[in-house]
Amino acid sequence: MTDIKTDVLIVGTGPAGSSTAALLSSYGIDNVLINNYSWLAGTPRAHITNQRTMEVLRDLGKEVEAEAYLHATEQDLMGENIFCTSLAGEELGRMKSWGKHPNSRAEHLLSSPSFMNDLPQTFMEPLLYKTACSRGTQSRMSTQYLSHIEDEDGVLSTCLDKLSNKEIKIRSKYLVGADGGNSKVAENIDLPFEGKMGVGGSMNILFKADLSKYVAHRPSVLYWVLQPGADIGGIGMGLVRMIRPWNEWLIVWGYDINQPAPKVDKDFATKVARDLVGDPELEIDLLSVSTWTVNNMYAKKMSKGRVFCAGDATHRHPPSNGLGSNTSIQDGFNLAWKLAYVIKDKAGAELLDTYSIERSPIAKQIVTRANQSIAEFGPIFEALGLTDTQDPVKMKKNMDERKQNSPKAEKQRQALREAIAFKKYEFDAHGVEMNHRYKSNSVLTEGDKEPEFKKDKELFYQPTTYPGARIPHAWVYDKTGVKHSLLDLCGKGNFSIFTGIGGEEWLKAAKNTETQLGIKIQCNIIGPDQDFEDHAGEWSSIREISDSGLILVRPDQHICWRSKDMISNSSEKLMDVMKKILHKR
Ligand SMILES: Cc1cc2nc3c(=O)[nH]c(=O)nc-3n(C[C@H](O)[C@H](O)[C@H](O)COP(=O)(O)OP(=O)(O)OC[C@H]3O[C@@H](n4cnc5c(N)ncnc54)[C@H](O)[C@@H]3O)c2cc1C
C-alpha cells in the first residue's frame with residue numbers, strides 16, 4: 001500500500017538534501033523531503049562557504065544569496081589565520097587565508113559575482129530548507145528512511161513515522177539519499193567505497209564567551225593552537241573557531257582513535273577551553289559537546305538505478321579546506337536539473353548516469369585534499385622541533401630556539417615561515433573550489449584540446465570555456481548600463497547560449513531547437529548595440545571563441561559545447577548537439 005506519492009523522495013534535510021529540494025521545487029518538480037530528527041542542524045558544523053556555493057544560492061534567487069550574506073560573517077573578518085601557543089599566548093605566525101591576501105582577493109573578485117563568507121550550518125540549512133518548502137517541497141520531520149525496493153517505474157520506500165511509530169510507504173520515481181556520513185541509502189544500494197572511516201578522533205566543544213580582547217585586532221575564523229597533544233587525532237592542531245564574532249566559539253580538539261572516545265563533560269570542556277584560550281580563569285557558557293571521527297572515504301559510484309546519493313553520503317572527510325557542505329550543495333546543483341529534465345520527458349534517462357560520472361571524481365578529489373591538509377600541519381611541528389616530544393618544558397625549549405641569533409635559528413625561522421605559508425593548500429585553495437571540469441557524454445568536446453593549467457590548479461582558478469568547465473564570470477552591461485554577470489544570464493533550470501555579432505544564426509538555431517525539443521534556451525548576444533555590451537572587454541578576454549562563435553551552457557552553468565566560429569549548418573548542428581547532451585533520440 002502506498003501512503004504518499006511524489007516524483008522525488010529526498011532523504012535528509014542537510015545541505016545536500018535541502019539544496020536538491022530547493023532546486024527541484026524551483027524547477028517545478030514535485031518532491032518530498034524527510035528528516036530523521038525533529039528539526040534541522042543543531043550545531044554549526046559547516047561554515048566556510050565558497051564562491052561556487054554562493055553562485056548556486058544566487059541561481060536560486062538573488063534574495064536567497066542576499067539572505068545568506070545577512071547572516072554570514074563577511075570575508076574581511078575571515079582571514080588572519082593565526083598559529084599560536086594559545087589565544088593569550090605567543091603568536092607563532094599567520095597565513096592570510098580565504099581571500100584575505102590582496103592578490104588572492106583580486107582573484108576572487110575576478111572569478112565570481114559572489115563572495116566567500118562564513119555561514120554556520122545552523123543558518124545555511126534553514127535558508128535552503130525554507131527556500132525548498134516555500135517553493136513547493138512537502139517536508140516531513142521525525143520521519144526515518146528504513147529501506148526501499150525498486151521496480152521498473154519507480155521506488156517504494158519504507159519509512160518510520162516517529163510520532164506515531166507507524167511505518168509509511170512513499171512511492172517516488174526517484175530516490176535521493178542525502179542522509180549524511182552514515183547513509184542508510186548508500187548502504188542499501190551497496191555503493192562501492194574506497195578508503196577508511198575513523199582515521200582520527202575529534203571532539204567539538206561549542207560555547208559562548210567574549211574573547212574580543214584576544215582576537216578582534218586579528219580577525220579570523222580559525223585560530224590554531226599548538227599545545228601538548230595538539231597533533232593527536234583531530235584535524236592537525238587544536239582549533240578555536242569563531243562561530244559569531246567574537247562571542248561564540250567552537251573548539252575542535254583531537255583524541256587518540258585507538259582509545260575509547262573521552263567523556264566530554266562540563267569540567268573537561270572548560271579545561272580544554274581555558275588551555276586553548278590561555279586564560280585559567282575563563283568562564284564559558286557551554287552550549288554543546290560531541291565527539292566525531294575523521295574519515296577518509298569516497299564513493300566510486302554515486303548512484304544505482306533510480307537511486308542517487310549526494311553529499312557526505314558519498315564523500316566522508318575532515319572539515320579541512322571547508323569543502324563538505326559546499327560540495328554537497330554542488331552535488332545537488334548537478335543532479336537536480338537532470339532529474340527535472342528526465343521527469344519532464346525532456347531528456348533520456350541516460351542523462352542521469354552522468355551525475356555519478358561527473359561528480360564522483362570530485363568526491364575523490366576533495367576527500368584526498370582534505371585528508372592531505374591534515375598531514376600538511378606536520379612541517380610546522382617539525383620546524384618548531386616538536387615531533388619527538390610531548391613534554392611541555394622540552395616543547396617550549398625547542399620552540400624558543402628559533403629566537404636565538406644563530407644560523408641554526410635563522411634556518412628554523414625560515415622553515416617555520418615556509419611551513420605556515422604552505423598551508424595555503426588548505427586555507428586559500430581557490431582552484432580546488434572553482435576549477436571543476438566535468439567529463440561525460442553530456443559534455444561534448446569534439447576533439448577540442450583541453451587547456452593546460454598555467455598555474456597550480458589547486459591554488460588558482462583558471463577561467464576557460466572548454467566544455468565541462470563552469471562558464472567564467474565576466475561583467476557585461478545591458479542597454480540601461482546595469483551590469484550583469486554571465487552567471488546571471490544562464491542557469492535557473494534552462495540551457496543558455498552566448499554569442500556575438502555575426503552569431504545571429506545561432507539565435508535562429510536555438511529557436512528551432514526550442515520548438516523541436518520543447519525546452520527553453522536563453523539567448524544572449526554580446527556586442528556593441530546588442531542586448532549586452534562588453535564595455536571593459538572582460539568577456540572577450542576569456543571567451544576563447546570568435547564574435548560569431550557559440551558557447552552552450554547547461555542549467556548547472558557548466559559549458560557543454562562550444563563552436564569557435566559560425567558554421568554553415570548551425571541549426572542542424574545545435575539540434576544534434578542538444579539531442580546528444582540530453583540523450584534524446
Ligand atoms: C566541525 C566541522 C566543521 C565543518 N566545516 C565545514 C565547512 O567549513 N565547510 C563545509 O563545506 N563543510 C564543513 N563541514 C562538513 C559539513 O558539515 C558536511 O559536509 C555537511 O553537513 C554534509 O551535508 P549533507 O547534507 O550531505 O549531510 P548532513 O548534514 O549530515 O545531513 C544528513 C541529513 O540526513 C538526515 N538523515 C540521516 N539518516 C536518515 C534516515 N535514515 N532517515 C531520514 N533522515 C536521515 C539527517 O537527519 C540530516 O538531516 C564541517 C563538519 C564539521 C564536523
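Mentor: Let us begin with the classes, in which Ala, Val, Leu, Ile, Met, Phe, Trp, Tyr, Cys and Pro count as nonpolar, Asp, Glu, Lys and Arg as charged, and the others, Gly among them, as polar. By that division the shell around the ligand holds 14 nonpolar, 17 polar and four charged residues. What you are looking at is a predicted model, in which local features need pLDDT of at least 70 and side-chain atom pairs count only at pLDDT 80 or more, whereas totals for chains, interfaces and linings use all residues. Residues are numbered from 1 along each chain as its sequence is written.

A residue is near a molecule or strand if its C-beta atom, placed from the backbone, lies within 6 Å of it. There are 35 residues around the ligand, and those that come nearest are Gly 12, Gly 14, Gly 180, Gly 311 and Gly 324. Two or more residues of this shell are given by each of α1 (15–26), β9 (143–150) and α9 (324–343), where helices (H or I, at least four residues) and strands (E, at least two) are DSSP runs, numbered from the N terminus. Helix α9 gives the largest share of the shell, namely four residues.

The chain is divided into domain 1 (4–75 + 116–194 + 297–371), domain 2 (378–422) and domain 3 (437–582), with bounds that come from an automatic or database domain assignment. Between the C-alpha centres of domain 1 and domain 3 there are 28 Å, and 16 residues of domain 1 are in contact with 14 residues of domain 3, contact being counted if the C-beta atoms of two residues, placed from the backbone, lie within 7 Å. On the side of domain 1 that touches domain 3, at least two residues each are supplied by α2 (51–60), α9 and α10 (353–375), and the largest share, five residues, again comes from α9. Taken by class, that side has eight nonpolar, four polar and four charged residues.

Next come two helix pairs. The axes of α3 (residues 62–71) and α5 (residues 121–134) come within 10 Å and cross at roughly 155°; axes are lines fitted to C-alpha atoms, for helices over the stretch in contact, and angles run from 0 to 180 degrees between N-to-C directions. Helices α3 and α5 are therefore roughly antiparallel to each other, since angles under 35 degrees count as roughly parallel, over 145 as roughly antiparallel, 65 to 115 as roughly perpendicular and the rest as oblique. In this pair, Val 64, Glu 67, Ala 68 and His 71 of α3 meet Phe 123, Leu 127 and Thr 131 of α5, and the contact comprises four nonpolar, two polar and one charged residue.

The axes of α16 (residues 504–517) and α18 (residues 570–582) come within 8 Å and cross at roughly 45°, and these two helices are therefore oblique to each other. Among the residues of α16 that meet α18 are Trp 506, Ala 510 and Leu 517, and among their counterparts in α18 are Leu 574 and Met 578. This contact has seven nonpolar, five polar and two charged residues.

Pro 245 and Trp 246 are joined by a cis peptide bond with omega about -10°, and Trp 246 sits in the loop between β14 (238–244) and β15 (248–255). Asp 529, although a residue other than glycine, has a positive phi near 65°, and its place is in the loop between β23 (521–526) and α17 (538–542).
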